[in-house]
Amino acid sequence: MTQIKGVIPAMMTFFDKEENVDIQCTRRMVDFMLDHGADGFYLTGSTGECFTMTAEERNLVVDTVIDQVKGRVPVIVHVGDIGTKKSIELAKHAYEAGADAISSVPPFYWKFRADDIYSYYKDISEATPLPMVVYNIQLAGLMDMGLLLKLADLPNVHGLKYTARSHDEMGYLKEKLGSDFMIYSGCDEMAFSGMCAGADGIIGSFYNLFPDLYKKILAKVEASDIKGGMRLQKIADEVIFAALKYDFPSVLHGMMNWRGLESGYSRKPFYNYEDSELTGLKEEILRIKEKYQA
Ligand code: NGF
């Protein structure tokens with residue numbers, strides 16, 4: 001697979017007030033993130049509120065972003081859904097639209113057996129020539145190490161997005177699967193640790209907001225500057241912990257607005273904040289800024 005590395009925002013979906021995908025806003029956000037160092041995009045994942053969207057809407061986001069990116073960075077499209085047939089259709093669209101890779105969470109809600117999950121990934125990854133990035137949310141406990149290794153053996157599976165607060169397994173998998181197999185750390189609070197454990201890149205929600213800060217964290221890893229990297233991660237974490245006291249991902253829209261952007265809305269049932277409801281968060285972030293400037 002093309003070596004897709006670095007800071008990859010799990011892109012939010014930007015809706016207008018009537019809950020339609022806001023195409024102009026999406027284009028502006030692509031440019032904002034690219035101007036601030038994004039190395040790629042991960043579309044229509046959970047941060048992108050994909051499970052509230054129709055296939056047509058997901059495809060519209062994919063088409064819009066790919067058109068706006070114009071090949072400047074790679075685009076990974078999350079095609080996960082509960083039905084294999086639905087995911088295959090999304091994957092085929094991603095391929096035709098010019099995506100660089102696809103990705104998927106395992107099927108969820110019902111209790112699927114490991115063999116069902118294996119077949120799900122096999123069927124989707126065989127449906128297009130695109131490389132597949134398996135998306136493991138460790139907390140969900142749907143896939144164990146044995147299954148992940150079996151999936152990594154599938155011809156089109158070339159990557160793993162690994163969202164966890166510990167990186168022992170992830171580091172082991174990187175070592176075992178080799179340099180051509182891309183591993184992405186998916187927990188923004190643990191980006192520094194994930195990169196130190198051998199990840200090739202980071203995919204996450206807060207990179208919509210400040211990819212620039214995370215570029216600096218990755219540079220610290222590259223320079224083996226442990227103290228510097230930890231300090232920057234601590235700043236990010238304080239902001240993230242403050243933000244996570246609010247409804248997520250809708251709070252991200254409010255925070256993006258503070259970067260001088262009109263970043264649209266989340267879709268119901270996600271709650272949309274009035275700016276006045278976020279005053280406490282804004283003050284907390286200012287305090288964090290002052291603390292670290294001192
Ligand atoms: O939202 C989750 C839940 N994780 C995201 C990210 O891994 C999701 C993470 O950035 C993602 O990439 C996607 O949109 O599919 C968190 O929001 C962040 O670390 C704050 O906890 O696992």
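Strand E4, helix H4 (residues 114–127) and strand E5 form a right-handed β-α-β unit, where right-handed means that, with the strands pointing away from the viewer, the path from the first strand over the helix to the second runs clockwise. Helices (H or I, at least four residues) and strands (E, at least two) are DSSP runs, numbered from the N terminus. This is a predicted model, in which local features need pLDDT of at least 70 and side-chain atom pairs count only at pLDDT 80 or more, while totals for chains, interfaces and linings use all residues. Residues are numbered from 1 along each chain as its sequence is written, and side-chain values use heavy atoms, with hydrogens and water left out.

E4 and E5 (residues 132–137) run parallel and are joined by three bridges; two strands are said to pair if DSSP finds at least two bridges between them. Within this pairing, Met-132 in E5 is the bridge partner of Ile-102. From E4, Ala-101 and Ser-103 point one way, Ile-102 and Ser-104 point the other way, and all are buried, a word that stands for under 20% relative accessible area, with exposed meaning over 50% and partly exposed in between (1.4 Å probe, protein chains only).

E4 (residues 101–104) also pairs with E3 in the parallel sense, over three bridges. Here Ala-101 in E4 stands opposite Ile-76, and Ser-103 in E4 is the bridge partner of His-78. A right-handed β-α-β unit is made by E3, helix H3 (residues 84–97) and E4.

E2, helix H2 (residues 55–69) and E3 make a right-handed β-α-β unit.

## Strand E8 and its partners

Strand E1 (residues 6–9) pairs with E8 in the parallel sense over four bridges, and the bridge partner of Pro-9 in E8 is Gly-204. Strand E7 (residues 182–185) is parallel to E8 and joined to it by two bridges, with Ile-202 in E8 as the bridge partner of Ser-185. The chain crosses from E7 through helix H7 (residues 191–196) to E8 in a right-handed β-α-β crossover.

## The ligand and its surroundings

The ligand is surrounded by 18 residues, of which the closest are Thr-47, Gly-186, Asp-188, Glu-189 and Ser-205; a residue is counted as near a molecule or strand if one of its heavy atoms lies within 4 Å of it.

| Residue | Protein atom | Distance to a ligand oxygen atom |
|---|---|---|
| Ser-46 | backbone N or O | 2.9 Å |
| Gly-186 | backbone N or O | 2.6 Å |
| Asp-188 | side-chain N or O | 2.6 Å |

Taken alone, the ligand exposes 510 Å², and the protein buries 84% of that; such accessible areas come from the Shrake-Rupley method with a 1.4 Å probe, and for residues only the protein chains shown count as cover. Strand E6 (157–163) and strand E8 (201–204) are the elements that give two or more residues to the shell around the ligand. The residues of this shell divide into eight nonpolar, seven polar and three charged.

A polar atom of the side chain of Ser-250 lies 3.3 Å from the backbone oxygen of Asp-247.

Phe-270 has its place in the loop between H10 and helix H11 (279–293), and it counts as partly exposed because its relative accessible area is 27%. Although Phe-270 and Ile-288 are 18 residues apart in sequence, they are 27 Å apart in space, C-alpha to C-alpha.

Ser-166 is found in the loop between E6 and helix H6 (168–177), and with a relative accessible area of 31% Ser-166 is likewise partly exposed. Ser-166 and Gln-138 are 28 residues apart in sequence and 9.3 Å apart in space, C-alpha to C-alpha.

Key:
A polar contact is a pair of N or O atoms within 3.5 Å; within protein, one must be able to donate a hydrogen and the other to accept it, and residues adjacent in sequence count only if both atoms are side-chain atoms. Ala, Val, Leu, Ile, Met, Phe, Trp, Tyr, Cys and Pro count as nonpolar, Asp, Glu, Lys and Arg as charged, and the others, Gly among them, as polar.
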